[in-house]
Every structure is written in structure tokens, then in C-alpha cells.
Amino acid sequence: MDRIFTYTVAATLAVAAVLQVAFGNPDIRMFAFPVNAAILLALVGGLFVLNREAGKSRFAAAFASGYAGAAVVVLAAVCCIPVALWPRAEFQRSWIFGAVLLLTLAVLFLAMLRYRGAMRLRFLLNHAGLFIFVAALAFGAPDMQRLRAAVDTGGSTDVAYDDRGLPHSLGYTLAVESFEADFYDNGQPSGFRAVVTADGKSRTLRVNHPWRKSWRQDIYLAGYDTAAGSDSQYCILEFVVQPWKYAALAGLLLFLAGAVAMIRGGRQRV
């Protein structure tokens, strides 16, 4: 079984390496919703059918084995090295990194489907939580957006711009009512704030204190005209869109619940 898994991983990484050499890092925006959701559903559905129709095969057993679990942990750890050492290469957006994430999800899901040992509840909590957390981070990345807009004090905007300078509609109009900045005696800023309104609601934005405009969007006060100081005529707002963040949080909480159950339950069969 170990050989089957090893050969499958090698073939998968070889295909990913060829794609990497041929095309470089993909534009992950092409995997934005609904493409990412379709891929995730296809992965889960395919693994479910595989386990149901060929659950006794050596291939299915190999992917649910302890060896497979240890192997994907090592692969993920190795993939984190270039991410940490060469961040500009954006290895986390590469075909190879994506292939490792898919293999990890496949191993986690088949392990959940096939586990019949003791401490089943704790096992499922841990693995389901980790599966949801990894899936939310991996498949949610294409849907995440960081948009910025410079808005005059007393002015408003209904669009913001991505890192390529392309405009995106906010779906509402946001107005900046006022802006203030405080400074230390040496002239360095000690803090700044802006009062903004949208959809009839008003909020005071401060650094690292965003307005949670909706379940998927937070609005941050990102900057101002530093040359003008307290007389700045505009402020820079950042709109962070993260539709999958609560799925990632749910996965993390499930994983922690499983860890707590293991610590408190000891060897009890739960």
C-alpha cells in the first residue's frame, strides 16, 4: 500500500511540476467561485464514490493509511520552506503547492470515511476540523480580495481598486464624514481615525479596528496623506473580502474540540 500511495503522489507532483514549468504560477482568480466550489464538490463526491464502490481496494486503503497521513504532513512542511524563505516567489500559489493541498484533503477525507477504531468521535472532530480548515484556506483564497480607495473628507465612493488598478463596485456608497490624526511631540503619528457612513449606518474607523460591514467584508482605515499630517484632505480605506473566513474558523474550532476531547478523555472509547 505504501508503494501505491508513493507512486500516486509522485505522478501527481510530476504533473504539477510540468504545469509549473510550462505556465508558471496560475492566476488563482480563475478558480474563484463557483469554480472553486465545483472543484471541492467534485473532490468530495469522487472520494465518496471511490470509498463506496472500491472501498476494499488497495488504492483506497493506501490513501487512508497512517503512512499517507505522515507523508502529507511531511510534504506540507517541506512546501512551507520556500514560502517562508522566498515569499516573493509566491510558492503558495504554485501548481505544486496546490497539488499537495489536494492530496492532503484526499487523505483526510478518506481517513474519516474509513476509520472504524476506538475514539471515533475525537478522530472525526480532529480530521473534519482540519479538512474544513485546509479546504477553506485553499479554496477560499481565489475569492479573497483586498481593495483600496482614497476618499476625500466629505466625499464618497462606490468603487475600490485591486492591486492591478482595476475598479470593483462596492455595491453601496461609502462616505467619509470626518478625519482626524493625533501626533506625539516629535511629530510622529500616534493614531488616526475617520468617521464613515454607508447604508444609513455610521462607524468610526481606527487603525486595526475595522468595520465589519458584512459577514464577508471588513473595512479598514489604511492610511492618509502623511505629508499634510492632521490637515490631510483624504484617507485611504481598505476593503477586505473573505467569504470563506467563517468556514475556516468553524474548522479550527472543530479541530480544537477534538484536541480537547483527546486530552480530557485519555484512553476512553469516545
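**Ground rules.** I am reading a predicted model, where local features need pLDDT of at least 70, side-chain atom pairs count only at pLDDT 80 or more, and totals for chains, interfaces and linings use all residues. Residues are numbered from 1 along each chain as its sequence is written, and side-chain values use heavy atoms, without hydrogens and water.

**H1 and H5.** I looked up helix H1 (residues 2-23) against helix H5 (residues 95-114). Helices here are DSSP runs (H or I, at least four residues), numbered from the N terminus. Their axes come within 8 Å and cross at roughly 150°. I take axes as lines fitted to C-alpha atoms over the stretch in contact, with angles from 0 to 180 degrees between N-to-C directions. That makes H1 roughly antiparallel to H5 (over 145 degrees).

Next I checked which residues touch (heavy atoms within 4.5 Å). Phe5, Val9 and Leu13 are among those in H1, and Trp95, Ile96 and Val107 among those in H5. I find 13 nonpolar residues in this contact, 2 polar and no charged.

**Aromatic rings.** I count 10 aromatic pairs (ring centres within 6.5 Å). Phe109 sits in H5 and Phe131 in helix H6 (residues 120-140), 22 residues apart.

Are these two buried or exposed? Phe109 is buried at 13% relative accessible area, and Phe131 is buried at 10% (buried is under 20%, exposed over 50%, with a 1.4 Å probe and protein chains only).

I also note one aromatic cluster, formed by Phe5, Phe59, Phe63 and Tyr67.

Terms used
Helix = DSSP H or I, 4+ residues; strand = E, 2+ residues; numbered from the N terminus. Parallel < 35°, antiparallel > 145°, perpendicular 65-115°, else oblique. Nonpolar A, V, L, I, M, F, W, Y, C, P; charged D, E, K, R; others polar. Phe/Tyr/Trp six-rings, centres within 6.5 Å; stacked < 30°, edge-to-face > 60°.
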